[in-house]
Amino acid sequence: MAGLELLSDQGFRIDGRKSNELRRIQCRLGVFSQADGSAYIEQGNTKVLAAVYGPHEIRGSKSKALHDKVLVNCQYSMATFSTGERKRRPRGDRKSKEMTMHLQQTFDAAILTNLYPRSQIDIFVEVLQSDGGNYCASVNAATLALIDAGIPLRDYVCACSASFVNDKPIVDISYLEEASGGAELIVATLPKSEQIVFLEMNARLHEDNLSPVLDMAVKGCKDIHDVLDQAVREHVGEVAATSGLE
């Protein structure tokens with residue numbers, strides 16, 4: 001990525017965004033009739049589908065059942081055509097297992113798990129097109145799918161990434177910005193309380209720069225929350241109109 005100018009002198013990034021500007025977000029709820037809840041989201045050129053099943057009885061070994069809360073089962077996978085290079089293993093590789101674990105940790109902290117003891121909720125996430133921010137788009141899609149399924153959450157879970165380029169924090173990192181080798185901070189929050197439920201940084205960042213980068217990522221989560229909340233309200237309005245409830 002040598003020679004690539006991530007932030008111009010005028011303050012614009014490779015894709016024309018300003019440092020504090022999110023990629024364009026488009027999303028829909030209720031895209032699958034077979035699932036209890038589903039959603040599709042586009043964040044820039046990253047496109048993700050999420051489906052939720054449950055709560056239902058524990059499948060397989062009953063020993064997995066938790067007597068005081070629901071078992072949150074996640075599966076993250078990438079379509080074989082999601083990147084420029086065709087993937088041989090869409091799931092089961094080290095990266096997919098790691099992302100699955102991260103999603104499970106995130107939603108364990110957000111779902112009101114104590115309401116469904118000895119039950120299971122399945123969250124399936126499929127990345128259809130990857131252009132950076134896969135974890136963030138997956139969290140945001142899964143949040144919409146859980147809301148569509150009517151599963152109680154402490155709050156929306158919104159995820160956003162941030163980095164530090166030319167002494168300036170930038171938000172919502174694209175693939176080119178990810179691949180530049182700079183530090184990337186990924187955060188998932190419950191926006192109303194600003195509680196952080198997941199935080200990861202993939203490279204060293206000077207402690208003086210950590211606070212502005214974290215603030216930028218948390219602000220990004222709040223901006224994403226506004227978009228997701230609007231999508232949920234529109235979806236509820238459409239469902240109410242088709243059901244004759246208005």
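Predicted model: local features only at pLDDT ≥ 70, side-chain atom pairs only at ≥ 80, totals over all residues.
A pair of aromatic rings is described by how far apart the centres are and by the angle of the planes. The structure has two aromatic pairs. One of them joins tyrosine 53 and phenylalanine 124, with 5.8 Å from centre to centre and 75° between the planes. Planes over 60 degrees apart count as edge-to-face, so this pair is edge-to-face. Tyrosine 53 belongs to strand β3 (residues 46-57) and phenylalanine 124 to strand β5 (residues 119-129), so the pair ties together parts that are 71 residues apart in sequence. Tyrosine 53 is partly exposed, at a relative accessible area of 30%, and phenylalanine 124 is partly exposed too, at 29%.

Tyrosine 135 and phenylalanine 198 also form an aromatic pair, which is tilted: the centres are 4.7 Å apart and the planes make an angle of 40°. Here a helix meets a strand. Tyrosine 135 sits in helix α2 (residues 134-148) and phenylalanine 198 in strand β9 (residues 195-201), so parts that are 63 residues apart in sequence are tied together. Tyrosine 135 is buried, with a relative accessible area of 4%, and phenylalanine 198 counts as buried at 7%.

Next come the charged side chains. The count of salt bridges is ten, and arginine 17 takes part in several of them. With aspartate 15, the closest N and O atoms are 2.8 Å apart. Arginine 17 counts as buried at 6% relative accessibility, whereas aspartate 15 is partly exposed at 44%.

Arginine 17 also forms a salt bridge with aspartate 172, where the closest N and O atoms are 3.9 Å apart. Arginine 17 lies in the segment before β1 (25-29) and aspartate 172 in the loop between β7 (168-171) and α3, so the pair ties together parts that are 155 residues apart in sequence. Both of these residues are buried.

Another partner of arginine 17 is glutamate 177, with 3.6 Å between the closest N and O atoms. Glutamate 177 counts as buried, at 5% relative accessibility. Through shared partners, salt bridges join Arg13, Asp15, Arg17, Arg23, Asp172 and Glu177 into one network.

Helix α3 (residues 175-178) also holds tyrosine 175, which is partly exposed at 47%. Together with Ile14 and Leu176, Tyr175 makes a nonpolar surface patch of about 260 Å².

Definitions and conventions: Residues numbered from 1 in each chain as written. Heavy atoms only, no water. Phe/Tyr/Trp six-rings, centres within 6.5 Å; stacked < 30°, edge-to-face > 60°. Helix = DSSP H or I, 4+ residues; strand = E, 2+ residues; numbered from the N terminus. Buried < 20%, exposed > 50% of the residue type's maximum accessible area, 1.4 Å probe, protein only. Patch = residues over 30% accessible without salt bridge, like charges linked within 9 Å, V, L, I, M, F, W, Y side chains within 5 Å. Areas by Shrake-Rupley, 256 points an atom, 1.4 Å probe, with all protein chains shown as cover. Salt bridge = Lys/Arg side-chain N within 4 Å of Asp/Glu carboxyl O.
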